Amino acid sequence: MRAVLAALALFVMTLPTQAQSADPDLDAIDRAWAETPWTELYDAQLDSGEPRHFTPPPESDIPDNEFGRLIRRGLAIFTETPREARPYARDGLSCSNCHLDRGRRPGSAPMWSAWVSYPQFRAKNNAVNTFAMRIQGCFRFSMNGTPPPAESEIIVALQSYAYFLARGAPTGVRLEGAGFPKLAEPEEQPDIARGAAAYVQKCAACHGENGEGRRTSEGNRYQFPPLWGDASYNWGAGMASVDTAAAFIKHNMPWGLTGALGDQEAWDIAIYINSRDRPQDPRFTGNVAETRAKYHESRWSLYGLSVDGHILGENR
(Lines give C-alpha, C1' and ligand atoms only; values in the text may rest on other atoms or scores of the structure.)
Protein backbone atom coordinates (compact mmCIF):
# COMPACT_ATOMS: atom_id res chain seq x y z
CA MET A 1 0.00 0.00 0.00
CA ARG A 2 2.97 2.33 0.66
CA ALA A 3 3.90 2.14 -3.03
CA VAL A 4 0.36 3.12 -4.01
CA LEU A 5 0.37 6.10 -1.64
CA ALA A 6 3.78 7.13 -2.93
CA ALA A 7 2.52 7.08 -6.50
CA LEU A 8 -0.50 9.15 -5.53
CA ALA A 9 1.73 11.58 -3.69
CA LEU A 10 3.87 11.98 -6.78
CA PHE A 11 0.72 12.65 -8.78
CA VAL A 12 -0.42 15.32 -6.35
CA MET A 13 3.02 16.94 -6.46
CA THR A 14 2.65 17.38 -10.21
CA LEU A 15 -0.66 19.24 -9.92
CA PRO A 16 -0.40 23.00 -10.57
CA THR A 17 -0.59 25.54 -7.76
CA GLN A 18 -1.83 29.07 -8.25
CA ALA A 19 1.72 30.18 -8.94
CA GLN A 20 2.40 27.42 -11.42
CA SER A 21 1.48 26.77 -15.01
CA ALA A 22 -1.99 25.31 -15.55
CA ASP A 23 -0.43 22.25 -17.21
CA PRO A 24 0.62 19.36 -14.93
CA ASP A 25 3.93 17.56 -15.50
CA LEU A 26 2.62 14.62 -17.52
CA ASP A 27 6.05 13.00 -17.72
CA ALA A 28 6.25 12.93 -13.91
CA ILE A 29 2.79 11.39 -13.70
CA ASP A 30 3.77 8.70 -16.19
CA ARG A 31 6.95 7.94 -14.23
CA ALA A 32 5.01 7.70 -10.97
CA TRP A 33 2.57 5.18 -12.37
CA ALA A 34 5.29 3.25 -14.20
CA GLU A 35 7.16 2.77 -10.93
CA THR A 36 4.06 1.56 -9.05
CA PRO A 37 3.72 -2.24 -8.59
CA TRP A 38 0.45 -2.77 -10.45
CA THR A 39 -0.32 -5.98 -8.59
CA GLU A 40 -0.22 -4.04 -5.33
CA LEU A 41 -2.31 -1.26 -6.82
CA TYR A 42 -4.96 -3.76 -7.92
CA ASP A 43 -4.87 -5.88 -4.76
CA ALA A 44 -5.36 -2.77 -2.65
CA GLN A 45 -8.82 -2.41 -4.19
CA LEU A 46 -9.96 -5.93 -3.35
CA ASP A 47 -12.00 -7.03 -0.36
CA SER A 48 -9.95 -9.70 1.41
CA GLY A 49 -12.96 -11.19 3.19
CA GLU A 50 -14.77 -14.43 2.51
CA PRO A 51 -16.23 -14.93 -1.00
CA ARG A 52 -19.80 -13.69 -1.32
CA HIS A 53 -22.65 -15.61 -2.88
CA PHE A 54 -24.34 -14.17 -5.95
CA THR A 55 -27.11 -15.42 -8.24
CA PRO A 56 -27.48 -13.80 -11.68
CA PRO A 57 -30.92 -12.59 -12.75
CA PRO A 58 -33.05 -14.83 -15.00
CA GLU A 59 -33.18 -14.09 -18.72
CA SER A 60 -36.85 -13.20 -18.30
CA ASP A 61 -35.60 -10.02 -16.58
CA ILE A 62 -33.99 -8.72 -19.76
CA PRO A 63 -35.84 -5.44 -20.39
CA ASP A 64 -38.10 -5.01 -23.39
CA ASN A 65 -36.38 -1.95 -24.79
CA GLU A 66 -33.39 -1.00 -26.93
CA PHE A 67 -30.92 -1.93 -24.22
CA GLY A 68 -32.65 -5.28 -23.83
CA ARG A 69 -32.30 -5.82 -27.57
CA LEU A 70 -28.55 -5.33 -27.29
CA ILE A 71 -28.37 -7.68 -24.29
CA ARG A 72 -30.15 -10.38 -26.32
CA ARG A 73 -27.79 -9.70 -29.20
CA GLY A 74 -24.89 -10.29 -26.79
CA LEU A 75 -26.47 -13.57 -25.65
CA ALA A 76 -26.79 -14.71 -29.29
CA ILE A 77 -23.13 -13.86 -29.96
CA PHE A 78 -22.10 -15.60 -26.76
CA THR A 79 -23.83 -18.87 -27.60
CA GLU A 80 -23.40 -18.92 -31.40
CA THR A 81 -20.15 -17.04 -31.84
CA PRO A 82 -19.03 -18.47 -35.22
CA ARG A 83 -22.38 -17.57 -36.78
CA GLU A 84 -23.09 -14.27 -35.01
CA ALA A 85 -19.58 -12.79 -34.85
CA ARG A 86 -18.34 -13.26 -38.39
CA PRO A 87 -15.76 -12.47 -39.67
CA TYR A 88 -14.00 -12.29 -36.30
CA ALA A 89 -14.68 -15.85 -35.13
CA ARG A 90 -13.71 -19.08 -36.82
CA ASP A 91 -15.88 -22.14 -37.24
CA GLY A 92 -14.98 -24.05 -34.09
CA LEU A 93 -15.62 -22.45 -30.73
CA SER A 94 -18.21 -20.22 -29.06
CA CYS A 95 -17.84 -18.25 -25.83
CA SER A 96 -20.29 -20.64 -24.17
CA ASN A 97 -18.01 -23.65 -24.76
CA CYS A 98 -15.79 -22.55 -21.86
CA HIS A 99 -18.25 -20.31 -19.99
CA LEU A 100 -20.98 -22.89 -19.56
CA ASP A 101 -24.72 -22.44 -19.16
CA ARG A 102 -24.66 -19.29 -21.30
CA GLY A 103 -22.04 -17.73 -19.04
CA ARG A 104 -24.05 -18.32 -15.87
CA ARG A 105 -22.52 -21.45 -14.34
CA PRO A 106 -20.39 -21.05 -11.18
CA GLY A 107 -16.93 -22.58 -11.50
CA SER A 108 -16.92 -22.07 -15.24
CA ALA A 109 -15.58 -18.50 -15.34
CA PRO A 110 -19.12 -17.03 -15.30
CA MET A 111 -19.68 -13.65 -16.88
CA TRP A 112 -21.30 -12.17 -13.78
CA SER A 113 -18.03 -12.57 -11.87
CA ALA A 114 -15.89 -11.45 -14.81
CA TRP A 115 -17.77 -8.17 -15.27
CA VAL A 116 -17.12 -7.00 -11.69
CA SER A 117 -13.44 -8.05 -11.83
CA TYR A 118 -12.30 -5.55 -14.45
CA PRO A 119 -10.28 -3.44 -14.97
CA GLN A 120 -7.48 -5.64 -13.61
CA PHE A 121 -3.79 -6.25 -14.13
CA ARG A 122 -2.93 -9.28 -16.27
CA ALA A 123 0.55 -10.73 -16.40
CA LYS A 124 -0.24 -12.12 -19.86
CA ASN A 125 0.29 -8.71 -21.44
CA ASN A 126 1.80 -6.96 -18.39
CA ALA A 127 -0.90 -4.32 -18.40
CA VAL A 128 -4.14 -3.29 -16.76
CA ASN A 129 -6.89 -4.66 -18.99
CA THR A 130 -10.43 -3.43 -19.46
CA PHE A 131 -13.27 -5.89 -19.89
CA ALA A 132 -13.38 -5.07 -23.61
CA MET A 133 -9.67 -5.94 -23.90
CA ARG A 134 -10.34 -9.23 -22.12
CA ILE A 135 -13.07 -10.14 -24.61
CA GLN A 136 -10.78 -9.23 -27.49
CA GLY A 137 -8.17 -11.57 -26.03
CA CYS A 138 -10.70 -14.41 -25.98
CA PHE A 139 -11.36 -13.90 -29.68
CA ARG A 140 -7.64 -13.85 -30.43
CA PHE A 141 -6.57 -16.84 -28.34
CA SER A 142 -9.43 -18.99 -27.07
CA MET A 143 -11.40 -18.84 -30.32
CA ASN A 144 -8.36 -18.47 -32.58
CA GLY A 145 -10.02 -15.59 -34.37
CA THR A 146 -9.55 -11.86 -34.83
CA PRO A 147 -10.34 -9.32 -32.09
CA PRO A 148 -13.32 -7.12 -33.01
CA PRO A 149 -12.77 -3.38 -32.49
CA ALA A 150 -13.53 -2.28 -28.93
CA GLU A 151 -16.31 0.03 -30.13
CA SER A 152 -17.91 -2.59 -32.42
CA GLU A 153 -21.45 -3.85 -31.89
CA ILE A 154 -20.05 -7.30 -31.08
CA ILE A 155 -17.93 -6.12 -28.14
CA VAL A 156 -20.58 -3.67 -26.88
CA ALA A 157 -23.27 -6.37 -27.05
CA LEU A 158 -21.11 -8.92 -25.19
CA GLN A 159 -20.34 -6.35 -22.52
CA SER A 160 -24.02 -5.52 -22.22
CA TYR A 161 -24.88 -9.18 -21.69
CA ALA A 162 -22.18 -9.55 -19.01
CA TYR A 163 -23.40 -6.34 -17.35
CA PHE A 164 -26.95 -7.74 -17.22
CA LEU A 165 -25.77 -11.02 -15.67
CA ALA A 166 -23.85 -9.08 -13.02
CA ARG A 167 -26.78 -6.84 -12.09
CA GLY A 168 -26.65 -6.42 -8.32
CA ALA A 169 -23.22 -8.04 -7.90
CA PRO A 170 -20.76 -6.14 -5.70
CA THR A 171 -17.53 -4.93 -7.27
CA GLY A 172 -14.07 -5.31 -5.80
CA VAL A 173 -14.95 -8.45 -3.81
CA ARG A 174 -14.50 -12.15 -4.45
CA LEU A 175 -17.65 -13.96 -5.53
CA GLU A 176 -18.30 -17.66 -4.98
CA GLY A 177 -17.87 -19.57 -8.23
CA ALA A 178 -15.68 -16.98 -9.94
CA GLY A 179 -13.20 -18.21 -12.54
CA PHE A 180 -12.20 -21.87 -12.65
CA PRO A 181 -11.70 -23.33 -9.14
CA LYS A 182 -8.07 -24.25 -8.62
CA LEU A 183 -7.20 -27.93 -8.57
CA ALA A 184 -4.82 -29.34 -5.99
CA GLU A 185 -1.37 -30.34 -7.20
CA PRO A 186 -1.49 -33.85 -8.74
CA GLU A 187 -0.38 -36.75 -6.58
CA GLU A 188 1.54 -38.09 -9.56
CA GLN A 189 3.07 -36.35 -12.54
CA PRO A 190 0.28 -36.03 -15.16
CA ASP A 191 0.73 -38.75 -17.75
CA ILE A 192 -0.12 -38.48 -21.46
CA ALA A 193 -0.65 -42.23 -21.94
CA ARG A 194 -3.01 -42.47 -18.97
CA GLY A 195 -4.77 -39.37 -20.20
CA ALA A 196 -5.25 -40.86 -23.67
CA ALA A 197 -6.91 -43.96 -22.18
CA ALA A 198 -9.16 -41.86 -19.90
CA TYR A 199 -10.05 -39.58 -22.83
CA VAL A 200 -11.29 -42.53 -24.89
CA GLN A 201 -13.45 -43.73 -21.97
CA LYS A 202 -14.77 -40.42 -20.67
CA CYS A 203 -14.52 -37.77 -23.42
CA ALA A 204 -14.43 -39.21 -26.94
CA ALA A 205 -18.17 -39.89 -27.13
CA CYS A 206 -18.80 -36.13 -27.19
CA HIS A 207 -15.56 -34.63 -28.47
CA GLY A 208 -14.54 -37.29 -31.00
CA GLU A 209 -11.76 -39.85 -30.98
CA ASN A 210 -9.36 -37.34 -32.52
CA GLY A 211 -10.58 -34.30 -30.62
CA GLU A 212 -12.43 -33.10 -33.70
CA GLY A 213 -15.67 -32.30 -31.87
CA ARG A 214 -19.22 -33.34 -32.79
CA ARG A 215 -21.42 -31.39 -35.14
CA THR A 216 -25.19 -31.21 -35.00
CA SER A 217 -27.21 -33.46 -37.33
CA GLU A 218 -27.59 -30.49 -39.66
CA GLY A 219 -23.81 -30.11 -39.69
CA ASN A 220 -24.01 -26.32 -39.46
CA ARG A 221 -22.42 -25.94 -36.03
CA TYR A 222 -20.63 -27.84 -33.28
CA GLN A 223 -22.74 -29.46 -30.59
CA PHE A 224 -19.55 -30.37 -28.70
CA PRO A 225 -16.42 -28.32 -29.44
CA PRO A 226 -13.14 -29.56 -30.97
CA LEU A 227 -10.35 -29.90 -28.39
CA TRP A 228 -7.37 -29.86 -30.73
CA GLY A 229 -6.65 -29.42 -34.41
CA ASP A 230 -7.30 -26.45 -36.69
CA ALA A 231 -10.77 -25.62 -35.33
CA SER A 232 -9.79 -25.50 -31.64
CA TYR A 233 -8.17 -22.94 -29.36
CA ASN A 234 -4.61 -21.91 -30.20
CA TRP A 235 -1.40 -22.19 -28.19
CA GLY A 236 -1.89 -18.73 -26.70
CA ALA A 237 -5.19 -19.61 -25.00
CA GLY A 238 -5.43 -20.02 -21.26
CA MET A 239 -6.89 -23.49 -21.79
CA ALA A 240 -3.62 -24.53 -23.46
CA SER A 241 -2.08 -24.46 -19.98
CA VAL A 242 -2.45 -27.91 -18.41
CA ASP A 243 -3.38 -26.61 -14.94
CA THR A 244 -6.18 -24.41 -16.30
CA ALA A 245 -7.55 -27.22 -18.47
CA ALA A 246 -7.37 -29.69 -15.56
CA ALA A 247 -9.35 -27.34 -13.29
CA PHE A 248 -12.01 -26.82 -15.96
CA ILE A 249 -12.26 -30.55 -16.71
CA LYS A 250 -12.48 -31.58 -13.05
CA HIS A 251 -15.23 -29.13 -12.14
CA ASN A 252 -17.27 -29.17 -15.35
CA MET A 253 -16.78 -32.42 -17.25
CA PRO A 254 -18.06 -34.84 -18.43
CA TRP A 255 -21.08 -32.78 -19.42
CA GLY A 256 -23.99 -33.64 -17.13
CA LEU A 257 -21.77 -35.78 -14.87
CA THR A 258 -19.87 -33.15 -12.91
CA GLY A 259 -17.65 -34.71 -10.25
CA ALA A 260 -17.39 -38.05 -12.04
CA LEU A 261 -13.65 -37.59 -12.63
CA GLY A 262 -10.97 -37.92 -10.00
CA ASP A 263 -8.36 -35.20 -9.65
CA GLN A 264 -5.61 -37.32 -11.18
CA GLU A 265 -7.85 -38.26 -14.12
CA ALA A 266 -8.50 -34.57 -14.77
CA TRP A 267 -4.77 -33.82 -14.77
CA ASP A 268 -4.03 -36.77 -17.06
CA ILE A 269 -6.78 -35.89 -19.55
CA ALA A 270 -5.67 -32.23 -19.57
CA ILE A 271 -2.06 -33.08 -20.38
CA TYR A 272 -3.18 -35.46 -23.11
CA ILE A 273 -5.44 -32.87 -24.75
CA ASN A 274 -2.72 -30.24 -24.58
CA SER A 275 -0.10 -32.60 -25.99
CA ARG A 276 -1.94 -32.56 -29.32
CA ASP A 277 -1.30 -30.09 -32.13
CA ARG A 278 -3.35 -26.92 -32.37
CA PRO A 279 -3.13 -23.54 -34.11
CA GLN A 280 -0.04 -21.41 -33.61
CA ASP A 281 0.19 -18.76 -30.88
CA PRO A 282 -0.63 -15.42 -32.58
CA ARG A 283 2.41 -13.96 -30.77
CA PHE A 284 4.72 -16.36 -32.61
CA THR A 285 8.09 -14.72 -33.15
CA GLY A 286 9.08 -16.99 -36.04
CA ASN A 287 10.99 -19.35 -33.75
CA VAL A 288 9.30 -21.92 -31.49
CA ALA A 289 12.06 -21.97 -28.85
CA GLU A 290 12.11 -18.18 -28.69
CA THR A 291 8.31 -18.03 -28.45
CA ARG A 292 8.34 -20.56 -25.62
CA ALA A 293 11.01 -18.60 -23.73
CA LYS A 294 9.02 -15.39 -24.12
CA TYR A 295 5.45 -16.59 -23.50
CA HIS A 296 5.35 -20.23 -22.39
CA GLU A 297 8.14 -20.77 -19.87
CA SER A 298 5.89 -22.66 -17.48
CA ARG A 299 5.83 -26.19 -16.10
CA TRP A 300 2.26 -26.51 -17.38
CA SER A 301 2.83 -25.43 -20.99
CA LEU A 302 3.86 -28.08 -23.50
CA TYR A 303 4.43 -25.56 -26.28
CA GLY A 304 7.88 -26.03 -27.81
CA LEU A 305 8.46 -29.36 -26.04
CA SER A 306 8.98 -32.71 -27.75
CA VAL A 307 6.10 -35.18 -27.52
CA ASP A 308 6.38 -38.48 -29.39
CA GLY A 309 9.34 -37.07 -31.29
CA HIS A 310 7.44 -33.97 -32.44
CA ILE A 311 8.06 -30.40 -31.27
CA LEU A 312 4.67 -28.97 -30.39
CA GLY A 313 4.00 -25.75 -32.24
CA GLU A 314 6.57 -26.43 -34.92
CA ASN A 315 4.21 -27.39 -37.74
CA ARG A 316 1.72 -24.56 -37.33
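I started with glutamine 189, which is found in the loop between helix 9 and helix 10 (192-202); helices here are DSSP runs (H or I, at least four residues), numbered from the N terminus. This is a predicted model, where local features need pLDDT of at least 70, side-chain atom pairs count only at pLDDT 80 or more, and totals for chains, interfaces and linings use all residues. Residues are numbered from 1 along each chain as its sequence is written, and side-chain values use heavy atoms, with hydrogens and water left out.

Buried or exposed, I asked of glutamine 189? Glutamine 189 is exposed, at 56% relative accessible area (exposed is over 50%, buried under 20%, partly exposed in between; 1.4 Å probe, protein chains only). Leaving aside neighbours within four places in sequence, I found glutamine 189 in contact with Arg194, Gln264 and Asp268 (contact is heavy atoms within 4.5 Å). Its C-alpha atom is separated by 8.4 Å from that of aspartate 268, 79 residues apart along the chain.

Next I looked up helix 12 (residues 242-252) and helix 13 (residues 263-273): their axes come within 8 Å and cross at roughly 130°. Axes are lines fitted to C-alpha atoms, for helices over the stretch in contact, with angles from 0 to 180 degrees between N-to-C directions. The two helices are therefore oblique to each other (under 35 degrees is roughly parallel, over 145 roughly antiparallel, 65 to 115 roughly perpendicular, the rest oblique). On the helix 12 side I noted Ile249 and Lys250 among the contact residues, and on the helix 13 side Trp267 is one of them.

Last, I checked helix 4 (residues 66-79) against helix 9 (residues 153-165): the axes come within 7 Å and cross at roughly 100°. That makes helix 4 roughly perpendicular to helix 9.
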